[in-house]
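Please open the model in your viewer and keep the selection panel at hand.

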Amino acid sequence: DGYKYIVQGYKVETSELDALGDQFQELPEGWSYDVVTPDEDIIFDLTPDVPIPSVPDEFDQIYIRIPEYMTTCNGIDYSLRTHELDDSRHYLYCELIFNYPGDCGGDVYSTSPLAPCNLTWWENLDLDAIAKERGADSVTKNGPQRWSMDSVTEKISEAVDIGGTQMIFGANLPPGTTELPHYEVFYPTKTQYLVWKAGFPTYQLTDADGYKYIVQGYKVETSELDTLGDQFQELPYGWSYNVVTPDEDIVFDLTPDVPIPSVPDEFNQIYIRVPEDDSTRDAGYKTVVAGYIG
């Protein structure tokens with residue numbers, strides 16, 4: 001799964017450490033032993049109230065998991081934890097995008113997966129006040145919307161109080177993303193594991209080059225999704241909107257080191273590109289798609 005563990009105390013000879021990978025006989029498939037020289041200090045601040053994932057090797061040496069972090073545009077480092085929101089299809093959530101000057105872009109905070117969006121709170125937000133609190137130029141509302149997938153697993157920060165409700169930090173957006181024209185591709189970064197289950201509808205755009213994009217969160221009424229294609233007024237020539245029911249699960253495994261091609265429609269709903277071949281997945285933008293896409 002890509003998690004990294006660092007050995008605490010070692011029992012082999014010091015001289016064996018560099019080449020210890022050659023001695024493993026029981027290392028599970030997909031695991032590796034690596035000697036890594038970091039560019040910056042690695043610091044653990046462990047407390048008894050938060051268990052630390054650990055694993056023993058076949059030499060009875062204990063390794064502890066290296067925490068993952070994301071940094072906001074205003075310089076806050078958040079440690080990340082994994083959270084799975086099951087039964088997420090049609091789950092109501094709201095996002096706030098804090099916009100910053102320069103090359104950083106925007107920080108995305110969400111009510112998901114902590115709780116469904118409180119619409120009274122949403123409608124009465126003082127955007128100028130919360131932008132000032134976090135040193136942002138402005139704040140853009142993104143929502144309310146609903147997840148279209150059946151399960152979403154994310155790397156999220158601890159809960160943060162924003163405007164009187166709890167939200168999590170989960171993504172950075174490139175500069176100008178909130179001002180992009182409809183149907184123009186952009187490349188956000190995020191950590192998500194998304195599952196659309198077999199036998200349930202997905203809502204997709206196909207562009208003039210044949211690339212397929214699947215909607216993540218939708219903002220129209222649920223009852224409009226099946227016939228939304230009839231409402232498009234700005235859909236580019238050669239594009240189409242399709243309701244596709246897959247024969248097998250569609251799974252996206254997104255990582256922040258590989259931006260995900262995405263596109264907004266005229267309802268300001270974001271679609272993410274479905275990779276077409278193994279060469280794309282090998283590049284790090286990983287998907288398991290079966291049943292109807294090559």
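Throughout this tour, buried means under 20% relative accessible area, exposed means over 50%, and partly exposed lies in between, with a 1.4 Å probe and protein chains only. The model is predicted: local features need pLDDT of at least 70, side-chain atom pairs count only at pLDDT 80 or more, and totals for chains, interfaces and linings use all residues. Residues are numbered from 1 along each chain as its sequence is written, and side-chain values use heavy atoms, with hydrogens and water left out.

**First stop: the disulfides**

With a disulfide taken as a pair of cysteine sulfur atoms within 2.5 Å, the count is two. Counted along the chain, the bonded cysteines follow the pattern 1-3, 2-4.

Select Cys-73 and Cys-104, whose sulfur atoms are 1.9 Å apart. The torsion about their S-S bond is about -90 degrees, so this disulfide is left-handed. Cys-73 sits in the loop between β4 (68-71) and β5 (77-86), and Cys-104 in the loop between β6 (92-99) and β7 (106-110), so the pair ties together parts 31 residues apart in sequence. Strands here are DSSP runs of E with at least two residues, and helices are runs of H or I with at least four, numbered from the N terminus. Cys-73 is buried at 19% relative accessibility, whereas Cys-104, at 33%, is partly exposed.

Next, select Cys-94 and Cys-117, with sulfur atoms 2.1 Å apart. Cys-94 belongs to strand β6 and Cys-117 to the loop between β7 and α1 (119-123), 23 residues apart. The torsion of -95 degrees makes this link left-handed as well, and both cysteines are buried.

**Second stop: Asp-150**

Move to the loop between β8 (138-147) and β9 (151-156), where Asp-150 is found. Is this residue, Asp-150, buried or exposed? At 8% relative accessibility, Asp-150 is buried. A polar atom of the Asp-150 side chain lies 2.7 Å from the backbone nitrogen of Lys-197. Show the contacts of Asp-150 (heavy atoms within 4.5 Å): beyond four places in sequence, they include Leu-85, Arg-89, Trp-196 and Phe-200.

Finally, display the open sheet with the order β1-β3-β2 and antiparallel pairing; two strands pair if DSSP finds at least two bridges between them. The edge strands, each pairing on one side only, are β1 (5-7) and β2 (54-56). Three bridges join β1 to β3 (residues 62-65). To locate one of them, select Val-7 and its bridge partner in β3, Tyr-63.

Methods
A polar contact is a pair of N or O atoms within 3.5 Å; within protein, one must be able to donate a hydrogen and the other to accept it, and residues adjacent in sequence count only if both atoms are side-chain atoms.
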